[in-house]
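Hi everyone, thanks for coming. Let me put the structure up on the screen so that we can look through it together.

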Amino acid sequence: MSIREGVLLGMGNPLLDISAVVNNDFLTKYGLKSNDAILAGDQHKPMYHEMVELYDVDYMAGGATQNTIRVAQWMMQLPKASSYIGCVGKDEFGNILQQKAEEAGVAVKYLYSGDQDTGTCAVCISNNNTARSLVANLAAANHYKKEHLLENWETVENAEIYYISGFFLTVSPEAIMLVAKHATEKNKCFTMNLSAPFITQFFKGPLMDAMPHVDVLFGNESEALQFAKEQGFNTEDIKEIAIKISNLPQAENKKSRTVVITQGKDPTLVVQDGKLTEYPVALIKQESIVDTNGAGDAFVGGFLVQYLQGKPMEECIRCGQYTAKLILQVSGVTLAGKPDY
């Protein structure tokens, strides 16, 4: 397939990121772990206001899938080559999200909720910018309806490759399955991300319903370990886990599943056609790292742009590492100029 208008479709939870460098006392107060992602409970509600009061915060268009789609769009440099579906509120934050996505060239297909505020995500950066803890208050994002997807079905039909983060499993498994089955029936490419350990733990039913349709699965080492534990793989060897995930049952007419596990500065593991390959990561200096939030999302964006063009796996990984490296050196998922890739 080639780059054209509407070729890539992402579905997920559009969130406005409220990002700040915080101290360990703040993490302890709200029971947060570094390099983790959770959904906000009642005990977390005051933290958003407190972050704004205590710290120098940045507001950025976020949500894991939306980050990936914006990075992919930037790499493709063709207006509306990518589309994005999710639910926001009819409010200022929703306007900011739409403006940021459209400025990036993404064709936005939001469902607008009249009675819910746009979702937010606290991005708590710590440990000399090397760790981040995400706390998502989904709000409107949690109210996506599959009816909206059916109303915009031509966007689904127009796409050749689909990307959905595991976070969307908490919102609309029905919408995910509609797209997953369409991809299988039409021999298109369906990709997903494990996204967070809690997804593999508490949403394993809907995750495993979608899994037979998944052509490419992304995750990091902590997500892979939790997935293996939940699935009874009886191993903590990440390589072995990646191979076992690739061998999980597939829907009819799916050939083989590719599994991509990132491990921070350690080699990226890829299982393709049953064969495992390690791809070293080009290290960057600690002092060059500004913000780790969104680096994984950016990796997927770069990867998908090469993958949808049928490039070799080595090239897909190289591009993913290029976009991740860029995002590590800026605050949030901010992209300027044109890629020099």
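This is a predicted model: local features need pLDDT of at least 70, side-chain atom pairs count only at pLDDT 80 or more; totals for chains, interfaces and linings use all residues.

Let's begin with helix 11, which covers residues 238-246. Which of its residues are buried? They are I238, I241, A242, I245 and S246. If you look down the axis of helix 11, these buried residues fall within an arc of 135°, so they line one face of the helix. And what covers them? The cover includes helix 10 (221-231) and strand 11 (216-220), along with strands 12 (258-263), 13 (266-272) and 14 (275-279). Now look at the start of helix 11: there, D237 has a side-chain oxygen within 2.9 Å of the backbone nitrogen of K239.

Next, the pair of helices. Helix 3 is residues 64-76 and helix 13 is residues 313-328; their axes come within 12 Å and cross at roughly 110°. The contact involves V71, W74 and M75 from helix 3, and C319, Y322, T323 and L326 from helix 13. As for handedness, the crossing is right-handed.

Finally, please find K338, in the segment after helix 13. Is K338 buried or exposed? It is exposed, with a relative accessible area of 67%. Leaving aside neighbours within four places in sequence, K338 is in contact with W74 and Q77. K338 and W74 are 264 residues apart in sequence, yet their C-alpha atoms are 7.4 Å apart in space.

Methods: Residues are numbered from 1 along each chain as its sequence is written. Side-chain values use heavy atoms; hydrogens and water are left out. Buried means under 20% relative accessible area, exposed over 50%, partly exposed in between (1.4 Å probe, protein chains only). Helices (H or I, at least four residues) and strands (E, at least two) are DSSP runs, numbered from the N terminus. The arc is that of the directions from the helix axis to the C-beta atoms. Contact means heavy atoms within 4.5 Å. A polar contact is a pair of N or O atoms within 3.5 Å; within protein, one must be able to donate a hydrogen and the other to accept it, and residues adjacent in sequence count only if both atoms are side-chain atoms. Axes are lines fitted to C-alpha atoms, for helices over the stretch in contact, and angles run from 0 to 180 degrees between N-to-C directions. A crossing is left-handed if the near helix is turned anticlockwise from the far one by less than a right angle, and right-handed if clockwise.
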